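Please look over the model below before reading the points.

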Amino acid sequence: MQIIGPDVLVFGVDDVPACHEFLTAYGLDAQDYTPEKGGLFTGLDGTGLEIRRRDDPSLPPALKTGNMLRMQVIGVVDEAALEAVQAELSKDRQVLRLADGSLRCQDDQGFELAFRVTTRKPLDMPGEKVNAPYHPARAANAIGVSEDMPARPRSLSHVVLFVPDVDVAVGFYRDRLGFRITDTLTGAGPFLRPQANPDHHTHFFIRTPVYMQGCEHLAFHMGGPTELMLAGSRMIRAGFESFWGPGRHKFGSNWFWYFKSPLGCNVEFDADMDIHDDDWAPREAPMGPEAAQAFLFQYRDKWAPTGGPGGPKP
């Protein structure tokens, strides 16, 4: 099925103004926002997060765990793809066609889903260019970094879900919606990508007890590692708490930097994720630090060496 991936993730939160403060510092644009009702927060291509009060009657019911994720809005290529989703899922569950043309249903573990023809706007923006000896990518006199260069999230990348039954989760997304497993962390779960998206993953499932079911983290793509490092550093200086990173994952190869958020989950910057086609052979490795990251940095405020090799040490 010609599914692209998440267009919007919908949350019912405890503190709308705190979410506004966090997400605008993160770099998303607030649309139709009020402190009383919330609003839509978008990256540069229009994908994003919808934030509402937890008790907003327009929201789908919460999971029994009370996790703040209330719905995934998944984009598909065109109307034919939407009809294919409807035909497949209507075989064994109620699928509602709403007035705006979108579909509504639940997956096999109770997560609320909507499907629509994607509204994302393709970006005509170059990615980061890296000069290498004998193969420069940037033109002469084009500098690679500056303190005030833009570093804004470009597109909603992926969502990671705590699920009580990984096999059931995989069965729904792979066997019913055509997602493909790219890699698996044994003891946790698989990374999956939909057919119309070459990214290493748009979804990752982690096996957890029932009482933990919900969203573990979500991520937006940045234009490259430099943008990620700048955006993360700006978050630190604004007073937000780093959870993990900066570093680089092994599976997917993406650079990462996670921050604690008032959405009840972590929010990640990512950059330079691998892309795959149907010739890719999935890998598997035990879950743990060796599999989770190729390397990991520890943030430190600016420092400069002084005194030469024998001088003072930091």
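1. The buried residues of α4 pack against α1, β15 and β16, where contact means heavy atoms within 4.5 Å. Helices (H or I, at least four residues) and strands (E, at least two) are DSSP runs, numbered from the N terminus.

2. This is a predicted model, in which local features need pLDDT of at least 70 and side-chain atom pairs count only at pLDDT 80 or more, while totals for chains, interfaces and linings use all residues. Residues are numbered from 1 along each chain as its sequence is written, and side-chain values use heavy atoms, with hydrogens and water left out.

3. Buried in α4 are P225, T226, E227, L228, L230, A231, G232, S233 and M235; the term means under 20% relative accessible area, with a 1.4 Å probe and protein chains only.

4. With 13 residues, α4 reaches 18 Å from its first C-alpha to its last, close to the 18 Å expected at 1.5 Å a residue. The expected span is 1.5 Å times one less than the number of residues.

5. The open sheet has ten strands in the order β17-β10-β11-β12-β9-β13-β16-β15-β14-β18, and its pairing is mixed. Two strands pair if DSSP finds at least two bridges between them. At the edges, β17 (283-286) and β18 (295-296) each pair on one side only.

6. β14 (residues 242-248) pairs with β18 in the antiparallel sense over two bridges. Here G247 stands opposite L296 in β18.

Definitions and conventions. Buried < 20%, exposed > 50% of the residue type's maximum accessible area, 1.4 Å probe, protein only.
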